[in-house]
Amino acid sequence: MSKTGKPDDGMKAMFAAARTHAPEPDADFLARVLGDAEAVQAGFAERAGDMASASASAAAARLYPAPARGLRGVFAALGGWPAVAGLGAAALTGVWIGVAPPEGLSTAAQSVWDEDITLAFEPDLGTDLFPGEGG
Amino acid sequence: MPLDAMDDVPDEALLVLFANGERAAARALTLRLSPRVLAHAYRLLGNRAEAEDVAQEALLRLWRVAPEWRQGEAKVTTWLYRVVANLCTDRLRRGWRTRPLEAAGDPAEDRASAAEDMQERARADALQAALQALPERQRQAVVLRHIEELGNPEIAEIMGISVEAVESLTARGKRALSEVLGARKDELGYAE
(Lines give C-alpha, C1' and ligand atoms only; values in the text may rest on other atoms or scores of the structure.)
Protein backbone atom coordinates (compact mmCIF):
# COMPACT_ATOMS: atom_id res chain seq x y z
CA MET A 1 0.00 0.00 0.00
CA SER A 2 1.27 3.49 -0.74
CA LYS A 3 1.96 6.11 1.90
CA THR A 4 -0.87 8.29 0.55
CA GLY A 5 -3.41 5.72 1.65
CA LYS A 6 -4.63 5.19 -1.90
CA PRO A 7 -4.65 1.68 -3.26
CA ASP A 8 -1.39 0.81 -4.85
CA ASP A 9 -1.27 -0.25 -8.47
CA GLY A 10 -1.54 -3.91 -7.56
CA MET A 11 -4.66 -3.44 -5.52
CA LYS A 12 -6.07 -1.07 -8.14
CA ALA A 13 -5.67 -3.84 -10.68
CA MET A 14 -7.44 -6.26 -8.38
CA PHE A 15 -10.36 -3.92 -7.83
CA ALA A 16 -10.54 -3.17 -11.55
CA ALA A 17 -10.66 -6.90 -12.27
CA ALA A 18 -13.54 -7.25 -9.82
CA ARG A 19 -15.44 -4.51 -11.66
CA THR A 20 -14.76 -6.07 -15.04
CA HIS A 21 -15.82 -9.53 -13.94
CA ALA A 22 -18.89 -8.61 -11.98
CA PRO A 23 -21.63 -11.21 -12.25
CA GLU A 24 -24.02 -10.14 -14.96
CA PRO A 25 -27.72 -10.74 -14.70
CA ASP A 26 -28.90 -13.42 -17.08
CA ALA A 27 -32.16 -13.38 -19.02
CA ASP A 28 -33.98 -15.49 -16.45
CA PHE A 29 -33.06 -13.19 -13.60
CA LEU A 30 -34.02 -10.09 -15.58
CA ALA A 31 -37.34 -11.68 -16.47
CA ARG A 32 -38.05 -12.35 -12.79
CA VAL A 33 -37.19 -8.79 -11.78
CA LEU A 34 -39.20 -7.29 -14.63
CA GLY A 35 -42.10 -9.60 -13.78
CA ASP A 36 -42.09 -8.27 -10.22
CA ALA A 37 -41.93 -4.69 -11.49
CA GLU A 38 -44.85 -5.14 -13.87
CA ALA A 39 -46.95 -6.95 -11.26
CA VAL A 40 -46.39 -4.17 -8.73
CA GLN A 41 -47.09 -1.57 -11.40
CA ALA A 42 -50.36 -3.31 -12.33
CA GLY A 43 -51.30 -3.11 -8.65
CA PHE A 44 -50.83 0.66 -8.77
CA ALA A 45 -53.13 0.88 -11.79
CA GLU A 46 -55.81 -1.29 -10.13
CA ARG A 47 -55.68 0.77 -6.97
CA ALA A 48 -55.92 3.99 -8.96
CA GLY A 49 -58.83 2.52 -10.96
CA ASP A 50 -60.68 1.43 -7.83
CA MET A 51 -60.25 4.85 -6.26
CA ALA A 52 -61.43 6.63 -9.41
CA SER A 53 -64.42 4.29 -9.72
CA ALA A 54 -65.41 4.75 -6.08
CA SER A 55 -65.06 8.49 -6.42
CA ALA A 56 -67.19 8.58 -9.58
CA SER A 57 -69.89 6.41 -7.96
CA ALA A 58 -70.03 8.68 -4.94
CA ALA A 59 -70.30 11.77 -7.16
CA ALA A 60 -73.05 10.17 -9.24
CA ALA A 61 -74.96 9.19 -6.10
CA ARG A 62 -74.81 12.77 -4.91
CA LEU A 63 -76.03 14.16 -8.24
CA TYR A 64 -78.62 11.52 -9.09
CA PRO A 65 -79.97 9.83 -5.97
CA ALA A 66 -81.86 6.64 -6.74
CA PRO A 67 -85.69 7.04 -6.47
CA ALA A 68 -87.23 5.31 -3.46
CA ARG A 69 -89.89 2.65 -4.06
CA GLY A 70 -93.08 1.50 -2.26
CA LEU A 71 -94.08 3.11 1.04
CA ARG A 72 -90.66 4.65 1.27
CA GLY A 73 -91.31 6.34 -2.06
CA VAL A 74 -94.65 7.75 -0.83
CA PHE A 75 -93.04 8.80 2.39
CA ALA A 76 -90.27 10.56 0.48
CA ALA A 77 -92.71 12.14 -1.96
CA LEU A 78 -94.71 13.66 0.92
CA GLY A 79 -91.63 15.34 2.20
CA GLY A 80 -90.24 12.95 4.77
CA TRP A 81 -90.74 12.91 8.52
CA PRO A 82 -91.59 16.62 9.08
CA ALA A 83 -94.36 16.64 6.53
CA VAL A 84 -95.83 13.28 7.62
CA ALA A 85 -95.78 14.36 11.27
CA GLY A 86 -97.71 17.52 10.38
CA LEU A 87 -100.26 15.57 8.36
CA GLY A 88 -100.74 13.13 11.21
CA ALA A 89 -101.31 15.90 13.76
CA ALA A 90 -103.88 17.60 11.49
CA ALA A 91 -105.77 14.36 10.98
CA LEU A 92 -105.89 13.59 14.71
CA THR A 93 -107.12 17.12 15.47
CA GLY A 94 -109.92 16.76 12.93
CA VAL A 95 -111.06 13.47 14.42
CA TRP A 96 -110.95 14.91 17.94
CA ILE A 97 -113.03 17.95 17.01
CA GLY A 98 -115.57 15.68 15.35
CA VAL A 99 -115.91 13.35 18.31
CA ALA A 100 -115.79 15.91 21.14
CA PRO A 101 -116.47 19.45 19.88
CA PRO A 102 -115.23 22.21 22.22
CA GLU A 103 -117.74 24.12 24.36
CA GLY A 104 -117.39 27.43 22.51
CA LEU A 105 -118.09 25.99 19.12
CA SER A 106 -121.90 26.51 19.33
CA THR A 107 -121.43 30.17 20.38
CA ALA A 108 -119.04 30.73 17.56
CA ALA A 109 -121.53 29.26 15.08
CA GLN A 110 -124.32 31.51 16.46
CA SER A 111 -122.23 34.61 15.92
CA VAL A 112 -121.67 33.58 12.32
CA TRP A 113 -125.31 32.99 11.51
CA ASP A 114 -126.69 35.46 14.12
CA GLU A 115 -129.14 32.89 15.39
CA ASP A 116 -129.35 30.50 18.24
CA ILE A 117 -127.90 27.33 16.90
CA THR A 118 -127.52 24.07 18.64
CA LEU A 119 -125.00 21.60 17.33
CA ALA A 120 -125.56 17.99 18.08
CA PHE A 121 -124.29 14.78 16.65
CA GLU A 122 -127.50 13.13 15.54
CA PRO A 123 -128.37 11.27 12.39
CA ASP A 124 -131.04 13.84 11.51
CA LEU A 125 -128.94 17.00 11.39
CA GLY A 126 -130.86 18.95 8.71
CA THR A 127 -133.61 20.58 10.83
CA ASP A 128 -131.21 21.78 13.54
CA LEU A 129 -128.73 23.24 11.16
CA PHE A 130 -131.35 25.25 9.24
CA PRO A 131 -134.03 26.16 11.85
CA GLY A 132 -135.53 29.07 9.86
CA GLU A 133 -136.54 26.88 6.96
CA GLY A 134 -139.80 25.15 7.33
CA GLY A 135 -140.40 23.17 10.38
CA MET B 1 -41.70 6.74 -24.15
CA PRO B 2 -39.14 4.61 -26.05
CA LEU B 3 -36.62 2.74 -23.94
CA ASP B 4 -33.54 4.41 -25.42
CA ALA B 5 -35.07 7.82 -24.79
CA MET B 6 -34.75 7.06 -21.09
CA ASP B 7 -30.99 6.67 -21.11
CA ASP B 8 -30.43 10.20 -19.87
CA VAL B 9 -33.31 10.22 -17.40
CA PRO B 10 -32.14 10.08 -13.75
CA ASP B 11 -33.12 7.06 -11.65
CA GLU B 12 -35.34 9.17 -9.43
CA ALA B 13 -37.32 10.55 -12.38
CA LEU B 14 -37.66 7.05 -13.83
CA LEU B 15 -39.07 5.90 -10.53
CA VAL B 16 -41.76 8.57 -10.72
CA LEU B 17 -42.61 7.46 -14.25
CA PHE B 18 -42.71 3.88 -12.99
CA ALA B 19 -45.13 4.82 -10.21
CA ASN B 20 -47.27 6.59 -12.81
CA GLY B 21 -47.62 3.36 -14.76
CA GLU B 22 -45.03 3.94 -17.50
CA ARG B 23 -44.11 0.40 -18.58
CA ALA B 24 -40.96 1.53 -20.35
CA ALA B 25 -39.74 2.93 -17.03
CA ALA B 26 -40.07 -0.53 -15.47
CA ARG B 27 -37.90 -2.01 -18.21
CA ALA B 28 -35.38 0.84 -18.09
CA LEU B 29 -34.97 0.62 -14.32
CA THR B 30 -34.70 -3.16 -14.43
CA LEU B 31 -31.95 -3.06 -17.05
CA ARG B 32 -30.14 -0.20 -15.36
CA LEU B 33 -30.26 -1.27 -11.73
CA SER B 34 -30.21 -5.07 -11.86
CA PRO B 35 -26.51 -5.41 -12.77
CA ARG B 36 -25.39 -3.07 -10.03
CA VAL B 37 -27.63 -4.56 -7.35
CA LEU B 38 -26.74 -8.13 -8.28
CA ALA B 39 -23.02 -7.38 -8.35
CA HIS B 40 -23.15 -5.68 -4.97
CA ALA B 41 -25.07 -8.54 -3.40
CA TYR B 42 -22.63 -11.02 -4.87
CA ARG B 43 -19.62 -9.13 -3.50
CA LEU B 44 -21.14 -9.15 -0.03
CA LEU B 45 -22.29 -12.77 -0.12
CA GLY B 46 -19.93 -14.52 -2.54
CA ASN B 47 -22.72 -16.72 -3.81
CA ARG B 48 -24.56 -16.17 -7.06
CA ALA B 49 -27.86 -17.83 -6.18
CA GLU B 50 -28.09 -16.04 -2.83
CA ALA B 51 -27.10 -12.78 -4.50
CA GLU B 52 -29.89 -13.15 -7.05
CA ASP B 53 -32.45 -13.70 -4.31
CA VAL B 54 -31.25 -10.64 -2.42
CA ALA B 55 -31.12 -8.49 -5.56
CA GLN B 56 -34.62 -9.50 -6.61
CA GLU B 57 -35.97 -8.79 -3.12
CA ALA B 58 -34.23 -5.41 -2.95
CA LEU B 59 -35.64 -4.38 -6.30
CA LEU B 60 -39.09 -5.62 -5.34
CA ARG B 61 -38.94 -3.34 -2.31
CA LEU B 62 -37.97 -0.48 -4.61
CA TRP B 63 -40.96 -1.13 -6.89
CA ARG B 64 -43.29 -1.15 -3.91
CA VAL B 65 -41.94 2.04 -2.40
CA ALA B 66 -42.01 3.93 -5.71
CA PRO B 67 -45.31 5.81 -5.16
CA GLU B 68 -44.06 7.14 -1.82
CA TRP B 69 -40.59 8.01 -3.07
CA ARG B 70 -39.70 11.52 -2.01
CA GLN B 71 -37.60 13.34 -4.53
CA GLY B 72 -34.35 14.83 -3.33
CA GLU B 73 -34.09 12.89 -0.09
CA ALA B 74 -31.90 10.03 -1.22
CA LYS B 75 -30.47 8.62 -4.41
CA VAL B 76 -32.13 5.46 -5.59
CA THR B 77 -28.77 3.68 -5.69
CA THR B 78 -27.88 4.79 -2.16
CA TRP B 79 -31.21 3.41 -0.95
CA LEU B 80 -30.64 0.17 -2.84
CA TYR B 81 -27.13 -0.34 -1.50
CA ARG B 82 -28.51 0.05 2.00
CA VAL B 83 -31.35 -2.41 1.40
CA VAL B 84 -28.98 -4.93 -0.19
CA ALA B 85 -26.59 -4.66 2.74
CA ASN B 86 -29.41 -5.16 5.23
CA LEU B 87 -30.75 -8.17 3.37
CA CYS B 88 -27.26 -9.68 3.17
CA THR B 89 -26.75 -9.11 6.88
CA ASP B 90 -30.07 -10.82 7.62
CA ARG B 91 -28.99 -13.86 5.61
CA LEU B 92 -25.62 -14.02 7.27
CA ARG B 93 -27.20 -13.77 10.71
CA ARG B 94 -29.64 -16.54 9.89
CA GLY B 95 -26.67 -18.81 9.70
CA TRP B 96 -25.90 -18.76 6.01
CA ARG B 97 -22.17 -18.44 5.49
CA THR B 98 -20.26 -17.03 2.56
CA ARG B 99 -18.41 -19.50 0.44
CA PRO B 100 -15.18 -18.34 -1.14
CA LEU B 101 -14.20 -18.71 -4.74
CA GLU B 102 -17.53 -19.59 -6.17
CA ALA B 103 -17.69 -18.80 -9.84
CA ALA B 104 -18.84 -15.22 -10.35
CA GLY B 105 -21.16 -16.13 -13.18
CA ASP B 106 -21.17 -17.49 -16.64
CA PRO B 107 -17.83 -16.62 -18.15
CA ALA B 108 -17.84 -15.29 -21.64
CA GLU B 109 -16.17 -18.11 -23.47
CA ASP B 110 -14.75 -16.05 -26.28
CA ARG B 111 -12.97 -13.78 -23.84
CA ALA B 112 -11.93 -16.54 -21.48
CA SER B 113 -9.73 -17.93 -24.19
CA ALA B 114 -7.41 -14.95 -23.87
CA ALA B 115 -4.64 -15.37 -21.28
CA GLU B 116 -5.00 -11.79 -20.13
CA ASP B 117 -8.65 -12.21 -19.55
CA MET B 118 -8.05 -15.42 -17.64
CA GLN B 119 -5.70 -13.54 -15.38
CA GLU B 120 -8.32 -10.87 -14.86
CA ARG B 121 -10.77 -13.55 -13.92
CA ALA B 122 -8.27 -15.09 -11.52
CA ARG B 123 -7.71 -11.71 -9.90
CA ALA B 124 -11.42 -11.11 -9.52
CA ASP B 125 -11.92 -14.53 -7.98
CA ALA B 126 -8.95 -14.10 -5.65
CA LEU B 127 -10.21 -10.71 -4.53
CA GLN B 128 -13.69 -12.12 -3.95
CA ALA B 129 -12.24 -14.93 -1.85
CA ALA B 130 -10.21 -12.44 0.16
CA LEU B 131 -13.26 -10.22 0.62
CA GLN B 132 -15.21 -13.13 2.05
CA ALA B 133 -12.57 -13.49 4.76
CA LEU B 134 -13.08 -9.91 5.96
CA PRO B 135 -15.48 -8.99 8.74
CA GLU B 136 -18.86 -8.06 7.26
CA ARG B 137 -18.67 -4.30 7.82
CA GLN B 138 -15.12 -4.05 6.52
CA ARG B 139 -16.13 -6.00 3.44
CA GLN B 140 -19.07 -3.71 2.80
CA ALA B 141 -16.99 -0.57 3.23
CA VAL B 142 -14.18 -1.81 0.96
CA VAL B 143 -16.60 -2.92 -1.74
CA LEU B 144 -18.44 0.39 -1.71
CA ARG B 145 -15.24 2.44 -1.70
CA HIS B 146 -12.92 0.55 -4.01
CA ILE B 147 -15.17 -1.47 -6.30
CA GLU B 148 -18.34 0.60 -6.47
CA GLU B 149 -16.10 3.69 -6.20
CA LEU B 150 -18.47 5.70 -4.03
CA GLY B 151 -17.40 8.67 -1.94
CA ASN B 152 -16.99 8.32 1.81
CA PRO B 153 -19.98 10.56 2.66
CA GLU B 154 -22.31 8.39 0.58
CA ILE B 155 -20.84 5.23 2.09
CA ALA B 156 -21.40 6.72 5.52
CA GLU B 157 -25.04 7.36 4.60
CA ILE B 158 -25.47 3.83 3.28
CA MET B 159 -23.88 2.21 6.33
CA GLY B 160 -25.35 4.61 8.86
CA ILE B 161 -21.97 5.52 10.34
CA SER B 162 -19.65 8.53 10.35
CA VAL B 163 -17.22 9.36 7.56
CA GLU B 164 -14.36 8.74 9.99
CA ALA B 165 -15.69 5.28 10.73
CA VAL B 166 -15.88 4.60 7.00
CA GLU B 167 -12.26 5.67 6.58
CA SER B 168 -11.23 3.40 9.41
CA LEU B 169 -13.14 0.40 8.04
CA THR B 170 -11.83 0.83 4.49
CA ALA B 171 -8.25 1.30 5.66
CA ARG B 172 -8.30 -1.81 7.81
CA GLY B 173 -10.11 -3.82 5.18
CA LYS B 174 -7.74 -2.82 2.41
CA ARG B 175 -4.73 -3.59 4.57
CA ALA B 176 -6.09 -7.06 5.30
CA LEU B 177 -6.74 -7.65 1.59
CA SER B 178 -3.21 -6.55 0.69
CA GLU B 179 -1.76 -9.02 3.16
CA VAL B 180 -3.82 -11.93 1.86
CA LEU B 181 -3.38 -11.14 -1.82
CA GLY B 182 0.30 -10.16 -1.43
CA ALA B 183 1.05 -13.80 -0.78
CA ARG B 184 -0.31 -14.59 -4.25
CA LYS B 185 1.09 -11.62 -6.14
CA ASP B 186 3.27 -13.67 -8.47
CA GLU B 187 0.41 -16.00 -9.33
CA LEU B 188 -1.95 -13.09 -9.88
CA GLY B 189 0.57 -11.03 -11.81
CA TYR B 190 0.61 -7.79 -9.91
CA ALA B 191 3.20 -5.84 -7.97
CA GLU B 192 2.62 -4.60 -4.42
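B:Lys185 belongs to helix 10 (residues 185-188) of chain B; helices are DSSP runs of H or I with at least four residues, numbered from the N terminus. B:Arg123 is 62 residues away from B:Lys185 in sequence, yet the C-alpha atoms are 9.6 Å apart in space.

This is a predicted model, in which local features need pLDDT of at least 70 and side-chain atom pairs pLDDT 80 or more, while totals for chains, interfaces and linings use all residues. Residues are numbered from 1 along each chain as written, with chains lettered from A and ligands numbered from 1 in written order.

## Where chain B meets chain A

The contact draws 42 residues from chain B and 32 residues from chain A (C-beta atoms within 7 Å, placed from the backbone). Several helices of chain B supply at least two residues each to this side, among them helix 1 (11-19), helix 3 (48-65) and helix 7 (136-147). Helix 2 of chain B gives the largest share, nine residues.

By class, the side of chain B that touches chain A has 22 nonpolar, eight polar and 12 charged residues. Here Ala, Val, Leu, Ile, Met, Phe, Trp, Tyr, Cys and Pro count as nonpolar, Asp, Glu, Lys and Arg as charged, and the others, Gly among them, as polar.

Technical notes:
Contact = placed C-beta atoms within 7 Å.
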